[in-house]
Each structure stands twice: as C-alpha cells, then as structure tokens.
Amino acid sequence: MNAVWTRLLAIVAAIVGQSAYCQAQNAPTDPVSVLVGRLDLEAYKATIKGLTQFGDRREGTARNRMAVDWIEAQLKSYGCTNTERVKYVYDAPPQPPQQAAAALRGSAIASGEIRQGLGRSRLRGMTLPVVPNNDPNAQTDPALRARNAELPTPGPREEVYCTKVGATRPDEMYIVGAHMDGRGFGEAANDDGSGTALVMELARVFSSPDVKTARSIRFALWNNEETGLQGSRAYVAQRALLQGKEDPPGSGRYPEPRWIAMIQHDMMLWDHGMPRPDGVVSPEQRPEADINIEFQSAAKFADAAMRLAFFFRDANEKYATDYPAAVGHHMTNTDSTPFMDLVPAISLREMKEACRPERDGTRTIISRPTATRRTRTRIFAWG
Ligand SMILES: [Zn+2]
C-alpha cells in the first residue's frame with residue numbers, strides 16, 4: 001500500500017471518529033473500517049488523471065474554469081448533489097514570465113547556524129532555493145505547452161464545494177479542503193491534483209446513501225491558492241458570519257453550519273527525503289517517508305489544532321498499513337491558514353512545508369518539465 005492511500009485511511013478514520021457516528025448496512029463494531037474498506041485506489045488514480053486533462057489548471061484561465069465545472073460534475077455523480085460556488089474577484093495582474101533557475105546546488109546549514117524558514121520554522125541540513133517555474137517555454141513537452149498556453153487574466157473567479165449534511169447535528173461541520181488550481185505549465189498532478197482527488201474521493205465515500213454522519217462535512221476545492229490563498233480567504237470573508245444560522249428559520253437547514261475544524265490537503269503523493277549535497281532530490285519515495293500533519297503554534301486555536309493533529313496521528317497508527325504520521329507545528333502557506341484564528345485548522349502534506357529542506361527541492365523539481373513527465377509516469381504506473 002502506498003503513502004497516499006495510507007493518508008486517506010487516516011483521514012477517514014479521523015473524520016468518522018470525530019464526526020460521532022456512521023451507520024453502514026450490517027455494520028460491524030468499527031464503522032471506520034467499513035468506510036476505509038470503501039476507498040478505491042483505482043477511482044483515486046482516475047480522478048487525478050481526470051484533473052490533469054486540464055493541464056496545470058492555473059487560475060484565471062479557461063482550463064481552470066473547465067476544471068471547476070468538471071469537479072462539480074464529479075461531485076454530483078458521487079451523490080454529493082448540493083454543490084455551491086463561492087464567487088469573488090481576483091484583480092492582481094499576473095506575474096510576468098520568468099526563467100526558472102537552470103541548475104540548483106544544495107547549500108549546507110552549519111552546526112549551530114540558525115536560518116529562518118517559513119511559518120516561524122528553522123531550516124536544517126541541506127537546502128535548495130524555492131524557484132517555481134513561471135516560464136511557459138521551460139516546458140519542453142509541446143502538447144503540455146499548448147494545453148497551458150493561455151495566461152491568466154484578472155477578473156471573476158469561482159470555486160466549488162458540496163456538503164454531507166449531518167443527521168443529528170446539521171448545524172455543525174468539518175471543512176475538508178484542497179486547492180484545485182496549480183501552476184508550472186505541467187499537469188499539477190501532485191500540487192495539488194493529489195489533494196483535490198483525495199477530497200473528492202472522500203466526498204464519494206461519505207455520499208453513499210447508507211452512510212450517516214452526526215455532523216455535516218463540507219468538501220471544498222479552493223481556487224487561487226497559488227496566488228496567495230485568495231479562494232479560501234474569500235470563503236472566510238463571505239461565510240464566517242453566516243455560521244450556525246438556520247435559514248429559513250424553523251427549516252432545519254443551515255447554509256453555513258458552525259465550523260468545528262478545517263482540514264487541508266496539499267501535495268499528497270510522496271516524500272522525497274533530503275536533497276543530496278549536489279542538490280539532487282531523489283525521484284523515488286523513501287521507505288521512511290512519513291505523513292506530515294501540521295498545525296500553527298502561533299494560531300489563536302493552536303491548542304485545539306494540536307489535539308486535532310494528534311487525533312489524526314493516532315488514527316494513522318490504528319488504520320494505516322505502512323507510513324507513519326508526524327505532527328509539526330509550523331503550518332504555513334496553505335488554505336487552512338485563513339481559518340486558523342477562527343477554528344482549529346490543520347494541514348496534511350507529504351512533507352513539512354516550512355522546515356524540511358526537501359520541500360524546496362520538491363517544489364522546484366515538480367515545476368520542471370522533466371519532473372512533470374516523471375510525475376505523470378509515476379502516477380499512471382502506480383498500482
Ligand atoms: Zn499546493
């Protein structure tokens with residue numbers, strides 16, 4: 001079993017465990033095991049493949065809008081039919097194309113040297129500069145270059161979500177999210193087709209007619225993450241004040257149930273491990289790869305988020321087959337950030353975003369055309 005699947009098991013376990021109860025036909029004593037058994041690796045792979053048909057799904061382009069439509073159609077086909085959209089405007093001019101660094105060398109941090117990373121973290125070991133590719137011509141595959149040719153324009157944006165309505169507490173909900181937009185002129189399969197497909201797979205499993213959860217669960221596919229979390233920020237700005245309001249009064253319907261927690265997924269495919277001194281990051285997943293569950297120690301809800309993170313870690317220990325989970329406290333640069341002072345928020349990633357050096361290498365490599373091809377090969381050969 002691979003790491004991604006292990007992550008899914010932990011997530012299902014955590015949500016069901018926290019969401020109070022689940023009823024499946026002829027349910028044995030542990031309903032989590034029933035849902036875990038319904039996860040389908042082939043369906044997950046097919047969804048990633050489906051997302052890559054829209055290239056990198058960069059915000060502000062037709063390929064991004066088509067991907068939002070496709071995601072909504074998939075959610076409905078799973079039975080998560082109450083889809084809705086958040087609409088907002090993103091007016092910032094797009095970044096001009098820039099050449100990605102051609103060659104990177106690792107730089108060693110000396111013993112005792114304190115070098116600051118993102119999210120109040122401290123970098124250690126070998127590091128590589130963060131250089132996301134913003135040059136269409138760096139894509140050497142002509143088909144991918146053509147698919148991603150349109151550059152973004154400022155204007156209206158949309159993102160889609162659907163909701164599993166709770167059976168006994170429809171006025172409270174978990175938000176489970178991933179960002180569907182990408183960049184780099186490849187297929188954005190890992191960042192973040194992998195998280196998007198994961199959230200969609202969870203929507204499929206939880207939407208089965210025989211599954212009931214006490215509380216509601218919202219499956220949200222954010223847009224504009226790569227430009228600065230504008231999609232999740234728009235959601236918070238538009239909907240935070242609607243929480244827990246019954247509308248119309250007496251109807252038992254809650255357009256925005258009160259938020260219990262926000263759980264984000266970004267880059268779920270594999271953990272490369274530390275770069276070598278020459279700056280090369282292994283293309284293979286390391287056997288000791290782990291799942292990083294992060295909260296932000298500076299958040300207003302840090303204590304509750306920490307407990308949630310360890311709940312996920314415990315779920316991993318109970319249900320995962322191979323890869324362990326580690327808890328970190330430097331959650332940053334992800335769609336759970338706009339929620340973290342309002343509700344317990346955590347982020348699941350293949351690596352700690354802020355303080356592990358391979359983060360830089362992975363981001364850089366994924367944005368390179370050669371690595372894009374490698375990503376495709378790995379996903380489609382994966383089994
Ligand atoms: Zn991402």
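## Helices across a mixed sheet

Helix α4 (residues 62–77) lies across strands β6 (155–164) and β8 (215–222), and it runs at about 15 degrees to β6. Here, lying across rests on contacts, where two residues have C-beta atoms, placed from the backbone, within 7 Å. The angles run from 0 to 180 degrees between N-to-C directions, with axes fitted as lines to C-alpha atoms, for helices over the stretch in contact. Helices (H or I, at least four residues) and strands (E, at least two) are DSSP runs, numbered from the N terminus.

This is a predicted model: local features need pLDDT of at least 70, side-chain atom pairs count only at pLDDT 80 or more, and totals for chains, interfaces and linings use all residues. Residues are numbered from 1 along each chain as its sequence is written.

| Helix | Lies across | Angle |
|---|---|---|
| α4 (residues 62–77) | β6, β8 | about 15 degrees to β6 |
| α7 (residues 230–239) | β1, β6, β7 (169–179), β8 | about 110 degrees to β1 |

Now for the sheet itself. Eight strands form an open sheet of mixed pairing, in the order β1-β6-β8-β7-β9-β12-β10-β11. Its edge strands, β1 (84–90) and β11 (325–328), each pair on one side only. Two strands pair if DSSP finds at least two bridges between them. Inside the sheet, β10 (residues 291–294) and β12 (residues 345–349) pair in the antiparallel sense over three bridges. There, Ile293 has Leu348 in β12 as its bridge partner.

Overall, the protein chain has ten helices and twelve strands.
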